[in-house]
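Here is a short note to read with the model open beside you. Take the points one at a time, and find each residue on screen as you go.

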Amino acid sequence: QAAALAASGSAGAKPEAKPDEVDYFTKCGTGEEFLSRSDAEEFLKLLDNVKGQKPDMKAARSWMLEHCSSARHLCQLIALRFQHQYEGTQKFHVMCLVSDVLSGSQKKAAEDPAFGDKLTPNFQEELPFITDLACRKQTKDILEKLLKVTQVWVVKKLFDEAYVKYLQTRIQLALETAPAPQPPAPPPAP
């Protein structure tokens, strides 16, 4: 569970590992719910490329839908990236990807009962932790955008409203102490 992965950031625990020291592959191939090492490497490359561009978002979305039987492992890998590597807009773009994937998963399940939506229940269990990580070290503008993403979940009925309100409360708490966005740097002098 992703919550167990957070232990390195808790009080009294070991300091957080540097991104190049984090082992993303310890659970690979240990059961049918876990990706193989090569699949995990492929997923992380796709995830690293998610920066808001439609082709990259679409590629990652399709891949996640094809590997939905490993939904919990996908959540864990996202949480590790949020915890040890991604910052700012990268976290926001991945949250947008998650929203898109969940919407696609529910749509696919409605069209094909044999599909079996494994993504939504796994993400529902892990989203409070992932959301907390997404809020960490964010500016107010990014947190406000995250609130809008969660509102889409209500509109599309991805989760019940009470659950989304719970997540929004967590984002609101982060907003209370978040710094304002940095103004853009002035253009270089000629």
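**Notes on a helical model**

1. **The overall pattern.** Along the sequence, the protein reads α-α-α-α-α-α-α-α. That is eight helices and zero strands. Please keep in mind that this is a predicted model. Of the 190 residues in the protein, 44% are buried. Now look at contacts between residues at least 6 apart in sequence: 75% of them join residues at least 24 apart.

2. **The nonpolar core.** Which residues touch the most other members of the largest nonpolar core? They are I78, F123 and L127, in a core of 57 residues. Two or more residues come from each of α2 (37-48), α3 (54-66), α4, α5, α6 (119-135), α7 and α8.

3. **Helices α4 and α6.** The axes of these two helices are 9 Å apart, and α4 and α6 pack at an angle of about 5°. An angle under 35 degrees counts as roughly parallel, so α4 and α6 are roughly parallel to each other. On the α4 side, the contact is made by A71, R72, L74, C75, I78, A79, F82 and Q83. On the α6 side, L119, N122, F123, E125, E126, F129, I130, L133 and A134 take part. Sorted by class, this contact of α4 with α6 has 12 nonpolar, two polar and three charged residues.

4. **Helices α7 and α8.** At what angle do α7 and α8 cross? The axes of α7 (residues 140-155) and α8 (residues 161-177) cross at roughly 175°, coming within 10 Å. Angles over 145 degrees count as roughly antiparallel, so α7 is roughly antiparallel to α8. From α7, the contact uses K140, L143, E144, L146, L147, T150, Q151, W153 and V154. From α8, the contact uses E161, V164, L167, Q168, I171, Q172, A174, L175 and E176. By class, the residues where α7 meets α8 are 10 nonpolar, four polar and four charged.

5. The whole structure holds four aromatic pairs. One of them joins F43 and W63, which are stacked, with 5.4 Å centre to centre and 20° between the planes. This pair links distant parts of the chain, with F43 in helix α2 and W63 in helix α3, 20 residues apart.

6. **An edge-to-face pair and a cluster.** Compare that with W153 and F159, an edge-to-face pair with 5.7 Å centre to centre and 75° between the planes. Both W153 and F159 are buried. Ring pairs also bring in Y163, so that W153, F159 and Y163 are linked into a cluster.

7. H73 sits in helix α4 (residues 71-84). With a relative accessible area of 2%, H73 is buried. Setting aside its neighbours within four places in sequence, H73 is in contact with Y24, K27, C28, E33, F34 and L35. H73 and N122 are 49 residues apart in sequence, and their C-alpha atoms are 9.3 Å apart in space. H67, in turn, lies in the loop between α3 and α4. H67 has a relative accessible area of 17%, under the 20% cut-off, so H67 is buried. Beyond residues up to four places away in sequence, H67 touches L35, D39 and L74. From C-alpha to C-alpha, H67 and F43 are 9.6 Å apart in space, while 24 residues separate them in sequence.

8. What does S99 touch, not counting residues up to four places away in sequence? V149, V152, W153 and L158 are the contacts of S99. S99 is found in helix α5 (residues 88-111), and it counts as buried at 9% relative accessibility.

Notes. Residues numbered from 1 in each chain as written. Predicted model: local features only at pLDDT ≥ 70, side-chain atom pairs only at ≥ 80, totals over all residues. Heavy atoms only, no water. Axes fitted to C-alpha atoms, helices over the stretch in contact; angles between N-to-C directions. Helix = DSSP H or I, 4+ residues; strand = E, 2+ residues; numbered from the N terminus. Parallel < 35°, antiparallel > 145°, perpendicular 65-115°, else oblique. Contact = heavy atoms within 4.5 Å. Nonpolar A, V, L, I, M, F, W, Y, C, P; charged D, E, K, R; others polar. Buried < 20%, exposed > 50% of the residue type's maximum accessible area, 1.4 Å probe, protein only. Core = buried A, V, L, I, M, F, W, Y, C linked by side-chain atoms within 4.5 Å. Phe/Tyr/Trp six-rings, centres within 6.5 Å; stacked < 30°, edge-to-face > 60°.
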